[in-house]
Amino acid sequence: MGSTQGMSCFAGDPNFCPECGNVLPLPGMQDIVCCPRCSFSIPVTEFAGREILSTVVFNPEQSTMALQKDEDSELKGPVIDRRCSRCNKEGMIYHTRQMRSADEGQTVFFTCLHCRYQEKEDS
Ligand SMILES: [Zn+2]
Ligand SMILES: [Zn+2]
């Protein structure tokens with residue numbers, strides 16, 4: 001068994017050392033992955049670009065989702081034929097918000113579908 005001729009067996013599989021077929025360690029903080037058996041080394045970028053991309057998952061979605069959630073709460077409720085006093089179009093969302101003290105009662109909000117203008121009306 002010539003070890004140099006066996007190279008092709010390992011080619012194409014980034015998880016194995018192309019020199020000796022040893023399993024390569026996962027890339028850590030360093031830019032280079034070194035074979036623990038034969039001191040072969042390969043830059044991480046060539047080692048397995050896909051794996052690195054999938055492990056470094058930072059969630060840009062989470063922050064945008066939080067933002068959308070906030071906006072949605074403004075836009076939940078029945079749509080009424082109220083005319084927006086800013087853009088003068090009909091169609092505003094009716095929603096109420098209970099104030100802290102019972103004496104104040106409910107405050108009614110109208111949010112314009114078109115320009116997001118919010119009007120307040122105490123009942
Ligand atoms: Zn090796
Ligand atoms: Zn409007």
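**Reading a sheet and a cysteine cluster**

Tutor: Let's start with one residue pair: across from I80 you'll find M92, in β4. Keep in mind that this is a predicted model.

Student: Which strands are joined there, and by how many bridges?

Tutor: That's β3 and β4 (residues 90-98), which run antiparallel and are joined by three bridges.

Student: In what order do the strands of the sheet come?

Tutor: Read across it and you get β3-β4-β5-β6, four strands in an open sheet with antiparallel pairing. β3 (79-83) and β6 (118-122) are the edge strands: each has a single partner, so one side of each has no neighbour in the sheet. On average, neighbouring strands here are turned by 40 degrees against each other, ignoring direction.

Student: Okay, on to the cysteines. Which ones does UniProt list under "binding site"?

Tutor: The unreviewed UniProt entry gives C17, C20, C35 and C38. They're spread over 22 residues of sequence but cluster in space, with a largest C-alpha distance of 8.7 Å.

Student: Is C17 buried or exposed?

Tutor: Count the C-beta neighbours: 20 or more within 10 Å makes a residue buried. C17 has 21, so it counts as buried. You'll find C17 in the loop between α1 (7-10) and β1 (32-34).

Student: And where does C35 sit?

Tutor: C35 is in the loop between β1 and β2 (41-43). With 19 other C-beta atoms within 10 Å, C35 is partly exposed.

Student: What does C35 touch, leaving out residues up to four places away in sequence?

Tutor: Its contacts include C17 and C20, along with E19, N22, L24, F40 and S41.

Conventions:
Residues are numbered from 1 along each chain as its sequence is written. Chains are lettered from A and ligands numbered from 1 in the order in which they are written. This is a predicted model: local features need pLDDT of at least 70, side-chain atom pairs count only at pLDDT 80 or more; totals for chains, interfaces and linings use all residues. Two strands pair if DSSP finds at least two bridges between them. Helices (H or I, at least four residues) and strands (E, at least two) are DSSP runs, numbered from the N terminus. Axes are lines fitted to C-alpha atoms, for helices over the stretch in contact, and angles run from 0 to 180 degrees between N-to-C directions. UniProt positions are given in the numbering used here, feature names are shortened, and annotations may be inferred rather than shown by experiment. A residue is buried if 20 or more other C-beta atoms lie within 10 Å of its own, exposed if 12 or fewer, and partly exposed in between; C-beta atoms are placed from the backbone. Two residues are in contact if their C-beta atoms, placed from the backbone, lie within 7 Å.
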